[in-house]
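Hi,

Here is the structure I promised to send over. Have a look at it first, and then read on for what I found.

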Amino acid sequence: MTINNAEIKLVRALREKKFRDEYGQFVVEGEKMVQEALKSGFEVLKIWRKDEIGEEAMRRISSLSTPSPVLALVKKPESGELSIDRGLYLALDSVRDPGNLGTIIRIADWFGISAIFASSDSVEPWNPKVIQASMGSIFRVRFAYADIPGLCRRFRDAGMNVYGTFLNGNDIYSQALDKNGLIVMGNESNGISGTVEEEVNARLFIPSYGNSGAESLNVAVATAVTLAEFRRR
């Protein structure tokens with residue numbers, strides 16, 4: 001498949017959120033990622049391969065330092081409210097770093113978390129860095145923006161716990177953990193916000209080993225440790 005100047009301009013524009021929102025499309029790069037997109041229920045609009053369009057054209061449309069051999073244009077899924085059933089869910093309170101979000105989506109996929117809710121000020125899941133860091137999990141884990149305090153109340157009203165990680169919480173390794181509920185992870189610098197903290201009814205803490213001088217864990221690492229402990233029970 002060839003590529004024309006208008007298509008090159010579109011793909012480059014999609015590096016910015018405002019154009020992803022305007023056109024309802026995002027870009028996926030790499031053999032594995034494009035294959036994941038094709039296997040998913042997402043609509044793949046176009047695929048360009050470096051051996052068809054040439055090295056220079058691929059370099060112009062790729063956002064990677066080393067252009068990948070294949071790049072695809074994918075339609076964003078329709079946004080909407082996700083239903084809540086019994087099970088374990090993640091909520092992200094102002095997670096801003098694309099690498100963190102992509103890694104969290106990959107972790108959620110690994111531990112069988114079917115849906116992630118995020119506050120409106122969290123990073124957008126169709127950001128190229130999020131997509132790359134997710135390693136294809138973006139196509140398997142449902143994602144929706146939500147009013148996190150209100151979401152917490154919905155879980156509690158349904159008889160499920162709302163868990164949150166805090167430096168002054170209860171040791172996660174000795175705390176009772178349920179297979180159903182919502183786990184809230186907070187902002188990289190400030191943790192869980194005060195308005196969300198008020199809705200958490202089960203406070204957790206991941207203890208350090210020995211006399212560690214580290215102040216805290218990266219939010220993606222903390223998510224992995226937390227989900228591993230929930231699934232271990």
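Predicted model: local features only at pLDDT ≥ 70, side-chain atom pairs only at ≥ 80, totals over all residues.

A bit more on α6 itself. The helix covers residues 98-110, 13 residues in total, and spans 18 Å from first C-alpha to last, close to the 18 Å expected at 1.5 Å a residue. Its buried residues are Pro98, Asn100, Leu101, Gly102, Ile104, Ile105, Ile107 and Ala108. Just after the helix, Gly112 has a positive phi of about 75°.

Now the core. The largest nonpolar core has 43 residues, and Leu90 and Ile116 are the ones that touch the most other members. Setting aside neighbours within four places in sequence, Leu90 is in contact with Ile104 and Ala108, and also with Ile113, Ala115, Ile116, Phe117, Leu182, Ile183, Met185, Thr223 and Leu227. Another core, of 18 residues, lies apart from that one; Leu82, Val162, Leu182 and Ile192 are among its members. As you know, nonpolar side chains tend to be buried together in soluble globular proteins.

On to the aromatics: the whole structure has 10 aromatic pairs. In one of them, the rings of Phe19 and Tyr23 have centres 6.4 Å apart and planes at 20°, so they count as stacked. Both sit in helix α2 (residues 17-23), four residues apart, or about one turn of the helix. Phe19 is partly exposed at 23% relative accessibility, and Tyr23 is partly exposed too, at 41%.

Tyr89 and Phe155 make an edge-to-face pair, because their planes are at 65°, with ring centres 5.5 Å apart. Tyr89 belongs to strand β4 and Phe155 to helix α8 (residues 148-157), so this pair ties together parts that are 66 residues apart in sequence. Tyr89 is buried at 3% relative accessibility, and Phe155 is buried at 0%.

Two more things to look up while you have the viewer open. Phe26, Phe42, Trp126 and Phe139 form one aromatic cluster. And the charged end of Arg203 sits over the ring of Phe166, 3.9 Å from the ring centre.

Cheers

Key. Residues numbered from 1 in each chain as written. Heavy atoms only, no water. Helix = DSSP H or I, 4+ residues; strand = E, 2+ residues; numbered from the N terminus. Expected span 1.5 Å × (residues − 1). Buried < 20%, exposed > 50% of the residue type's maximum accessible area, 1.4 Å probe, protein only. Core = buried A, V, L, I, M, F, W, Y, C linked by side-chain atoms within 4.5 Å. Contact = heavy atoms within 4.5 Å. Phe/Tyr/Trp six-rings, centres within 6.5 Å; stacked < 30°, edge-to-face > 60°. Lys NZ or Arg CZ within 6 Å of the ring centre and 35° of its normal.
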